[in-house]
Amino acid sequence: MQEVSTTSNTSKRWISRFVDIKPLVSALECLSVFRADIILKIDKHGLKITAIDSQHVVLMQLELDGSNLLYHDASGEDMFIADIKYFISILKLTIKRGETTLSKQEDESPLFVDIQGSRLNVTPKQGAFSQEGDLDIPELSSGDVPSVTLTMTTKEAKRLFKELSSIGNEISFESKDKDQISIVCDGTNGKAKLTINETTSGVVSLIQEKVSSSSKGSFSQRFDGALLQKVICQKSDTGGKEVILKLRDGLPIEVVHKVSDIGLLKFYLAPKL
(Lines give C-alpha, C1' and ligand atoms only; values in the text may rest on other atoms or scores of the structure.)
Protein backbone atom coordinates (compact mmCIF):
# COMPACT_ATOMS: atom_id res chain seq x y z
CA MET A 1 0.00 0.00 0.00
CA GLN A 2 1.43 3.38 -0.99
CA GLU A 3 2.52 5.68 1.86
CA VAL A 4 0.64 8.97 1.60
CA SER A 5 0.80 11.92 3.95
CA THR A 6 -2.47 12.44 5.79
CA THR A 7 -1.74 15.98 6.98
CA SER A 8 -4.34 17.53 4.67
CA ASN A 9 -6.88 14.82 5.43
CA THR A 10 -7.12 15.15 9.23
CA SER A 11 -10.71 16.40 9.00
CA LYS A 12 -11.87 13.42 6.95
CA ARG A 13 -13.67 10.54 8.63
CA TRP A 14 -12.22 8.21 6.02
CA ILE A 15 -10.47 8.17 2.68
CA SER A 16 -9.79 5.32 0.22
CA ARG A 17 -7.81 5.61 -2.98
CA PHE A 18 -8.05 3.14 -5.89
CA VAL A 19 -5.53 2.64 -8.68
CA ASP A 20 -8.37 1.35 -10.85
CA ILE A 21 -12.05 1.75 -9.91
CA LYS A 22 -13.32 -0.76 -12.50
CA PRO A 23 -13.18 -3.88 -10.24
CA LEU A 24 -15.33 -2.06 -7.66
CA VAL A 25 -17.83 -1.03 -10.35
CA SER A 26 -18.04 -4.62 -11.64
CA ALA A 27 -18.68 -5.96 -8.13
CA LEU A 28 -21.37 -3.35 -7.47
CA GLU A 29 -23.08 -4.27 -10.73
CA CYS A 30 -23.31 -7.85 -9.42
CA LEU A 31 -25.08 -6.57 -6.30
CA SER A 32 -27.42 -4.30 -8.27
CA VAL A 33 -29.10 -7.37 -9.81
CA PHE A 34 -30.66 -8.02 -6.38
CA ARG A 35 -30.93 -4.68 -4.59
CA ALA A 36 -31.31 -0.93 -5.17
CA ASP A 37 -29.78 0.17 -1.83
CA ILE A 38 -26.52 -0.75 -0.15
CA ILE A 39 -24.85 -0.10 3.20
CA LEU A 40 -21.18 0.91 3.25
CA LYS A 41 -19.39 0.17 6.50
CA ILE A 42 -15.94 1.66 6.86
CA ASP A 43 -13.28 1.09 9.50
CA LYS A 44 -9.50 1.04 9.75
CA HIS A 45 -9.36 -2.36 8.02
CA GLY A 46 -11.22 -1.37 4.83
CA LEU A 47 -14.71 -1.17 3.33
CA LYS A 48 -17.64 -3.58 3.57
CA ILE A 49 -20.59 -3.06 1.26
CA THR A 50 -23.65 -5.06 2.28
CA ALA A 51 -27.15 -5.59 0.87
CA ILE A 52 -30.07 -8.00 1.05
CA ASP A 53 -32.65 -8.76 -1.62
CA SER A 54 -36.26 -7.63 -1.18
CA GLN A 55 -37.38 -11.18 -0.30
CA HIS A 56 -34.65 -11.56 2.36
CA VAL A 57 -33.34 -14.72 0.68
CA VAL A 58 -29.96 -13.52 -0.64
CA LEU A 59 -27.54 -11.66 1.62
CA MET A 60 -24.56 -10.03 -0.10
CA GLN A 61 -21.28 -8.59 1.13
CA LEU A 62 -18.39 -7.01 -0.76
CA GLU A 63 -15.23 -6.91 1.38
CA LEU A 64 -12.40 -4.59 0.31
CA ASP A 65 -9.18 -4.94 2.29
CA GLY A 66 -7.67 -1.51 2.91
CA SER A 67 -4.14 -2.95 2.70
CA ASN A 68 -4.81 -3.93 -0.92
CA LEU A 69 -5.87 -0.42 -1.96
CA LEU A 70 -3.51 2.31 -3.06
CA TYR A 71 -4.31 4.10 0.20
CA HIS A 72 -6.84 3.71 3.01
CA ASP A 73 -7.28 5.56 6.30
CA ALA A 74 -10.28 5.81 8.61
CA SER A 75 -10.74 7.53 11.95
CA GLY A 76 -13.18 5.26 13.74
CA GLU A 77 -16.13 3.47 12.13
CA ASP A 78 -18.71 4.95 9.79
CA MET A 79 -21.78 3.82 7.87
CA PHE A 80 -23.29 5.18 4.66
CA ILE A 81 -26.48 4.12 2.84
CA ALA A 82 -26.52 4.72 -0.92
CA ASP A 83 -28.61 4.11 -4.02
CA ILE A 84 -26.48 1.51 -5.78
CA LYS A 85 -27.41 2.43 -9.37
CA TYR A 86 -26.61 6.10 -8.81
CA PHE A 87 -23.36 5.15 -7.05
CA ILE A 88 -22.38 2.98 -10.03
CA SER A 89 -23.20 5.78 -12.50
CA ILE A 90 -20.96 8.20 -10.59
CA LEU A 91 -18.08 5.71 -10.40
CA LYS A 92 -18.35 4.87 -14.11
CA LEU A 93 -17.52 8.49 -14.91
CA THR A 94 -14.07 7.92 -13.38
CA ILE A 95 -13.15 4.70 -15.23
CA LYS A 96 -9.93 4.98 -17.28
CA ARG A 97 -9.17 8.41 -15.80
CA GLY A 98 -6.52 7.29 -13.34
CA GLU A 99 -6.55 7.12 -9.54
CA THR A 100 -9.96 7.56 -7.90
CA THR A 101 -10.47 8.66 -4.30
CA LEU A 102 -13.55 8.02 -2.15
CA SER A 103 -13.87 10.05 1.04
CA LYS A 104 -16.32 11.24 3.67
CA GLN A 105 -15.74 14.08 6.12
CA GLU A 106 -18.39 13.84 8.84
CA ASP A 107 -21.74 12.35 9.80
CA GLU A 108 -24.56 12.97 7.30
CA SER A 109 -22.14 14.43 4.75
CA PRO A 110 -22.07 13.24 1.12
CA LEU A 111 -19.62 10.63 -0.06
CA PHE A 112 -17.10 12.41 -2.29
CA VAL A 113 -15.57 10.90 -5.42
CA ASP A 114 -12.45 12.75 -6.60
CA ILE A 115 -10.73 12.23 -9.95
CA GLN A 116 -8.22 14.48 -11.76
CA GLY A 117 -9.32 17.63 -9.98
CA SER A 118 -13.05 16.91 -10.40
CA ARG A 119 -15.31 16.21 -7.42
CA LEU A 120 -18.59 14.25 -7.59
CA ASN A 121 -20.77 13.39 -4.63
CA VAL A 122 -23.27 10.74 -3.54
CA THR A 123 -25.95 11.86 -1.07
CA PRO A 124 -26.73 9.41 1.76
CA LYS A 125 -30.18 7.81 1.81
CA GLN A 126 -32.31 7.79 4.93
CA GLY A 127 -34.41 4.91 6.20
CA ALA A 128 -33.42 2.51 3.43
CA PHE A 129 -33.31 -0.35 5.94
CA SER A 130 -35.43 -0.75 9.06
CA GLN A 131 -32.38 -1.59 11.14
CA GLU A 132 -28.71 -2.18 10.59
CA GLY A 133 -29.02 -5.62 12.16
CA ASP A 134 -31.00 -6.78 9.14
CA LEU A 135 -27.70 -7.05 7.29
CA ASP A 136 -25.56 -8.87 9.81
CA ILE A 137 -23.68 -11.74 8.19
CA PRO A 138 -24.81 -14.99 9.87
CA GLU A 139 -22.46 -17.12 11.89
CA LEU A 140 -21.53 -19.91 9.50
CA SER A 141 -18.93 -21.83 11.44
CA SER A 142 -19.30 -25.48 10.51
CA GLY A 143 -18.77 -26.65 14.10
CA ASP A 144 -19.87 -30.26 14.43
CA VAL A 145 -22.09 -30.36 11.33
CA PRO A 146 -21.05 -31.84 7.96
CA SER A 147 -19.61 -29.26 5.57
CA VAL A 148 -18.42 -29.11 1.96
CA THR A 149 -16.14 -26.56 0.29
CA LEU A 150 -16.14 -26.85 -3.51
CA THR A 151 -13.79 -24.65 -5.54
CA MET A 152 -14.31 -24.51 -9.31
CA THR A 153 -12.98 -22.45 -12.17
CA THR A 154 -15.34 -19.56 -12.78
CA LYS A 155 -15.80 -20.54 -16.42
CA GLU A 156 -16.87 -24.13 -15.68
CA ALA A 157 -19.05 -23.18 -12.70
CA LYS A 158 -20.97 -20.70 -14.84
CA ARG A 159 -21.46 -23.26 -17.60
CA LEU A 160 -22.56 -26.01 -15.20
CA PHE A 161 -25.10 -24.03 -13.17
CA LYS A 162 -26.50 -22.23 -16.20
CA GLU A 163 -27.31 -25.61 -17.76
CA LEU A 164 -28.72 -27.03 -14.52
CA SER A 165 -31.03 -24.05 -13.95
CA SER A 166 -32.47 -24.55 -17.43
CA ILE A 167 -33.56 -28.10 -16.48
CA GLY A 168 -35.53 -27.35 -13.30
CA ASN A 169 -36.35 -24.79 -10.62
CA GLU A 170 -34.53 -26.52 -7.75
CA ILE A 171 -30.90 -27.54 -7.37
CA SER A 172 -29.85 -29.86 -4.54
CA PHE A 173 -26.47 -30.78 -3.08
CA GLU A 174 -26.12 -34.22 -1.52
CA SER A 175 -23.13 -35.35 0.49
CA LYS A 176 -22.60 -38.75 2.11
CA ASP A 177 -19.19 -39.70 0.79
CA LYS A 178 -16.01 -37.82 1.74
CA ASP A 179 -14.61 -38.20 -1.78
CA GLN A 180 -17.55 -36.85 -3.80
CA ILE A 181 -20.81 -34.90 -3.77
CA SER A 182 -23.91 -35.03 -5.97
CA ILE A 183 -25.63 -32.06 -7.58
CA VAL A 184 -29.25 -32.86 -8.45
CA CYS A 185 -31.76 -30.94 -10.52
CA ASP A 186 -35.37 -32.09 -10.94
CA GLY A 187 -37.29 -30.87 -13.98
CA THR A 188 -40.72 -31.48 -15.46
CA ASN A 189 -39.20 -33.62 -18.21
CA GLY A 190 -36.58 -35.47 -16.24
CA LYS A 191 -33.87 -35.39 -13.61
CA ALA A 192 -30.16 -34.62 -13.77
CA LYS A 193 -27.77 -36.00 -11.15
CA LEU A 194 -24.10 -35.14 -11.46
CA THR A 195 -21.33 -36.70 -9.38
CA ILE A 196 -18.57 -34.23 -8.54
CA ASN A 197 -15.12 -35.17 -7.24
CA GLU A 198 -11.61 -33.74 -7.47
CA THR A 199 -11.05 -35.24 -10.93
CA THR A 200 -14.16 -33.60 -12.42
CA SER A 201 -13.40 -31.05 -15.13
CA GLY A 202 -13.25 -27.54 -13.71
CA VAL A 203 -12.95 -28.65 -10.08
CA VAL A 204 -9.96 -27.07 -8.31
CA SER A 205 -10.55 -28.67 -4.91
CA LEU A 206 -13.21 -30.51 -2.90
CA ILE A 207 -12.89 -30.45 0.88
CA GLN A 208 -15.39 -32.22 3.12
CA GLU A 209 -15.48 -32.29 6.91
CA LYS A 210 -17.46 -34.62 9.18
CA VAL A 211 -19.10 -36.23 6.13
CA SER A 212 -19.94 -39.95 6.17
CA SER A 213 -22.63 -42.38 5.05
CA SER A 214 -24.27 -42.31 8.49
CA SER A 215 -27.42 -40.28 9.11
CA LYS A 216 -25.42 -37.75 11.14
CA GLY A 217 -22.65 -37.50 8.59
CA SER A 218 -24.70 -36.98 5.43
CA PHE A 219 -26.83 -34.05 4.37
CA SER A 220 -28.88 -32.70 1.48
CA GLN A 221 -29.78 -29.08 0.77
CA ARG A 222 -32.17 -27.61 -1.82
CA PHE A 223 -31.88 -24.14 -3.33
CA ASP A 224 -33.83 -21.99 -5.75
CA GLY A 225 -32.16 -22.79 -9.08
CA ALA A 226 -32.65 -19.34 -10.62
CA LEU A 227 -31.21 -17.52 -7.60
CA LEU A 228 -28.29 -19.92 -7.31
CA GLN A 229 -27.48 -19.33 -10.97
CA LYS A 230 -27.54 -15.56 -10.41
CA VAL A 231 -25.07 -15.63 -7.53
CA ILE A 232 -22.70 -18.01 -9.35
CA CYS A 233 -23.05 -16.79 -12.94
CA GLN A 234 -22.20 -13.12 -12.53
CA LYS A 235 -22.66 -11.06 -15.70
CA SER A 236 -19.97 -8.56 -14.67
CA ASP A 237 -16.39 -9.85 -14.60
CA THR A 238 -14.95 -9.27 -11.12
CA GLY A 239 -11.52 -10.50 -12.18
CA GLY A 240 -11.65 -13.79 -10.27
CA LYS A 241 -10.68 -17.04 -11.96
CA GLU A 242 -12.31 -19.28 -9.34
CA VAL A 243 -15.59 -19.44 -7.44
CA ILE A 244 -15.93 -21.10 -4.02
CA LEU A 245 -19.13 -22.79 -2.80
CA LYS A 246 -19.30 -23.45 0.94
CA LEU A 247 -22.11 -25.67 2.22
CA ARG A 248 -22.89 -26.43 5.87
CA ASP A 249 -25.75 -28.64 6.91
CA GLY A 250 -28.76 -26.51 7.88
CA LEU A 251 -27.08 -23.18 7.01
CA PRO A 252 -27.07 -20.88 3.93
CA ILE A 253 -24.71 -21.66 1.07
CA GLU A 254 -21.84 -19.17 0.80
CA VAL A 255 -20.68 -18.34 -2.75
CA VAL A 256 -17.39 -16.42 -2.93
CA HIS A 257 -15.95 -14.53 -5.91
CA LYS A 258 -12.57 -12.80 -5.90
CA VAL A 259 -12.65 -9.10 -6.86
CA SER A 260 -9.42 -8.53 -8.75
CA ASP A 261 -6.68 -8.20 -6.11
CA ILE A 262 -8.60 -5.94 -3.72
CA GLY A 263 -11.24 -8.07 -2.03
CA LEU A 264 -14.00 -10.67 -2.02
CA LEU A 265 -17.64 -10.67 -3.12
CA LYS A 266 -19.77 -13.04 -1.02
CA PHE A 267 -23.36 -14.23 -1.45
CA TYR A 268 -25.37 -16.11 1.18
CA LEU A 269 -28.40 -17.96 -0.16
CA ALA A 270 -30.87 -19.53 2.26
CA PRO A 271 -31.81 -23.18 1.56
CA LYS A 272 -35.38 -24.15 0.71
CA LEU A 273 -37.31 -25.88 3.46
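Mentor: In this predicted model, the charged end of R119 sits over the ring of F112, at 4.1 Å from the ring's centre. A further case is K230, which lies over the face of F34, 5.8 Å from the ring centre.

Trainee: How many aromatic pairs does the count come to?

Mentor: As a general idea, a pair of aromatic rings is described by two quantities, the distance of the centres and the angle of the planes. Here the count comes to three aromatic pairs. In one of them, the centres of the F34 and F267 rings are 5.9 Å apart and the planes stand at 55 degrees, so this pair is tilted. Because F34 belongs to the loop between helix 1 (22–32) and strand 2 (37–43), while F267 belongs to strand 18 (residues 263–269), the pair ties together parts 233 residues apart in sequence.

Trainee: Are F34 and F267 buried or exposed?

Mentor: F34 counts as buried at 13% relative accessibility, and F267 counts as buried at 1%. Turning to F161 and F173, their ring centres lie 6.2 Å apart with the planes at 35 degrees, so this pair is tilted. The pair links distant parts of the chain, with F161 in helix 3 (residues 154–167) and F173 in strand 11 (residues 170–177), twelve residues apart. F161 is buried, its relative accessible area being 0%, and F173 is buried as well, with 2%.

Trainee: Which residues do ring pairs link into a cluster?

Mentor: The cluster linked by ring pairs consists of F161, F173 and F223.

Key
Residues numbered from 1 in each chain as written. Predicted model: local features only at pLDDT ≥ 70, side-chain atom pairs only at ≥ 80, totals over all residues. Heavy atoms only, no water. Phe/Tyr/Trp six-rings, centres within 6.5 Å; stacked < 30°, edge-to-face > 60°. Helix = DSSP H or I, 4+ residues; strand = E, 2+ residues; numbered from the N terminus. Buried < 20%, exposed > 50% of the residue type's maximum accessible area, 1.4 Å probe, protein only. Lys NZ or Arg CZ within 6 Å of the ring centre and 35° of its normal.
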